[in-house]
Amino acid sequence: DQQANSTSSAINVVRKKLAGYVGFANLPNQVHRKSVKKGFQFTCMVVGESGLGKSTLVNTLFNTGLYPPKENVEPTHETPQTVEIQSITADIEENGVKLRLTVVDSPGFGDFVNNEQSWKPILDSIESRFDAYLEQENRVNRRRMVDNRIHACLYFIAPTGHALKPLDIEFMRRLHTRVNLIPVIAKADTLTEEEVYAFKQRILADINYHKIQIYQAPAYEYDDQETIEENREIMSKIPFAVVGSDKQFEVNGKQVRGRKYPWGVIEVDNEEHCDFVKLRQMLIRTHMEELKEYTNDVLYENYRTEKLTAMGIQQDPTVFKEVNPVQKMEEERVAHEQKLAKMEAEMRAVFQAKVQEKESKLKHSEEELYARHKQMKEALDKQRLDLEEKRRRLESGRPITPEKSAKKRGFTFNK
Ligand code: GDP
């Protein structure tokens, strides 16, 4: 249950013991000592078809069983239809130096009949991590920033010995401006030394031809000769031909990590056998901070500029004017409040009109009632007056005879 969706904020952290020396104890030499107290944090992505040895290599790199062996994983019978993004985070420690390592995997990549869009969920994940960081930067309180950005992407090339596949080219073309791409030739032990050499040349030619930008360690003026030489050597090995293994064998009385063949053992940690050591050196011992810096200063910064420009925020290249995110948010908040106030006023007007209409209806029926009441009252009053008149006459003793009455009305009687 160590796997959690990369975008979810809750990260499952597992504690892992190291089986041997890895190299991040050297990290304090790369940055200021203050970071030692806080601990280091690194997020690495691995991409490649399943079975290319990604999990094995990650375990070999960090000398820890970060990925459980495949034999212990329940086989699933349903074939997933999309590329998933999964991440595993582990707190590891070496000589008192803490490293929070996150490995982001993309199971399903390149495994379908149609892999045209395989790169898309991966790019989306990388960009959504940039978005999450940008959102935090825009907050008023920026003290507790969570950085889930991908600092490096190991791209596993199948050891075909031919050329890059269209899928490889498409992936790298789509991703190279967003992440530090580090191409590796997977399972290099399946190729001969000559094959590896020719394959590397071909891959680099393809990368050049398609103008793909892979990670290049920057050279600094203040670098000493030794560092320059070390960098040059590391860079000359790209794409790293790697071998991963979680097994140890005895060679000349020493235990070594490697893969056993009938003719001998291919040693993971032997620079004569593969480039694993150089990859680890770059990723962990010498360039981890560099990769993080490049991610922040160049890749993220470019993304941020593109995003803000798309949002209509222009930066004048001649007069560099910093977009003030706090001010922008404040403006957005004011606009939102104005909109709410307008809606409220409109609703109130509608309500008042309705109330008025009801009131005038009520008033009208009240008037009607009153008029009817008045009519009835008048009729009754008249009846009462008539009756009173009759009574008065009766009481005054002048009964009205039928003749008198008839006479009164103008009739004459013949007697
Ligand atoms: P993933 O699917 O890319 O994570 O691949 P795994 O790490 O699970 O490895 C798939 C299979 O390839 C396993 O049987 C590994 O033992 C084997 N494997 C891993 N790395 C190497 C390697 O460098 N060389 C060879 N020959 N086999 C390897």
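Is lysine 211 buried or exposed, and how many other C-beta atoms lie within 10 Å?

1. **Lysine 211.** Lysine 211 is exposed, as 8 other C-beta atoms lie within 10 Å. (A residue counts as buried with 20 or more other C-beta atoms within 10 Å of its own, as exposed with 12 or fewer, and as partly exposed in between; C-beta atoms are placed from the backbone.) Lysine 211 sits in the loop between helix H5 (193-209) and helix H6 (225-236). Its phi is near 50 degrees, which is a positive value in a residue other than glycine.

2. **What you are looking at.** This is a predicted model, in which local features need pLDDT of at least 70 and side-chain atom pairs count only at pLDDT 80 or more, while totals for chains, interfaces and linings use all residues. Residues are numbered from 1 along each chain as its sequence is written. Helices (H or I, at least four residues) and strands (E, at least two) are DSSP runs, numbered from the N terminus.

3. **Around the ligand.** The ligand is surrounded by 15 residues, and the closest are Gly53, Lys54, Ser55, Thr56 and Lys187. (Near means that the C-beta atom, placed from the backbone, lies within 6 Å.) Helix H2 (residues 54-62) gives the most to this shell, with 3 residues. By class, the shell has 2 nonpolar, 8 polar and 5 charged residues. (Ala, Val, Leu, Ile, Met, Phe, Trp, Tyr, Cys and Pro count as nonpolar, Asp, Glu, Lys and Arg as charged, and the others, Gly among them, as polar.)

4. **Strand S3 and its partners.** Strand S3 (residues 40-47) has 7 of its 8 residues buried, so it is largely enclosed by the rest of the structure. S3 pairs with strand S5 (residues 97-105) in the parallel sense over 7 bridges. (Two strands pair if DSSP finds at least two bridges between them.) In S5, arginine 100 is the bridge partner of glutamine 41. S3 also pairs with strand S6 (residues 152-157), in the parallel sense over 4 bridges. In S6, alanine 152 is the bridge partner of cysteine 44.

5. **An open sheet.** Three strands make an open sheet in the order S9-S10-S11, with antiparallel pairing. Strand S9 (248-251) and strand S11 (264-267) are the edge strands, each pairing on one side only. The twist averages 70 degrees from one strand to the next. Strand S10 (residues 254-261) pairs with S11 over 4 bridges; arginine 259 has isoleucine 266 in S11 as its bridge partner.

6. **The loop between S9 and S10.** Asparagine 252 is found in this loop. Asparagine 252 is not a glycine, yet it has a positive phi of about 50 degrees. Asparagine 252 is exposed, with 5 other C-beta atoms within 10 Å.

7. Helix H3 (residues 119-137) packs with helix H8 (residues 288-310) at an angle of about 80 degrees, their axes 11 Å apart. (Axes are lines fitted to C-alpha atoms, for helices over the stretch in contact, and angles run from 0 to 180 degrees between N-to-C directions.) H3 and H8 are therefore roughly perpendicular to each other. (Angles under 35 degrees count as roughly parallel, over 145 as roughly antiparallel, 65 to 115 as roughly perpendicular and the rest as oblique.)

8. **A cis peptide bond.** Isoleucine 238 and proline 239 are joined by a cis peptide bond, with omega about -5 degrees. Proline 239 lies in the loop between H6 and strand S8 (240-241).
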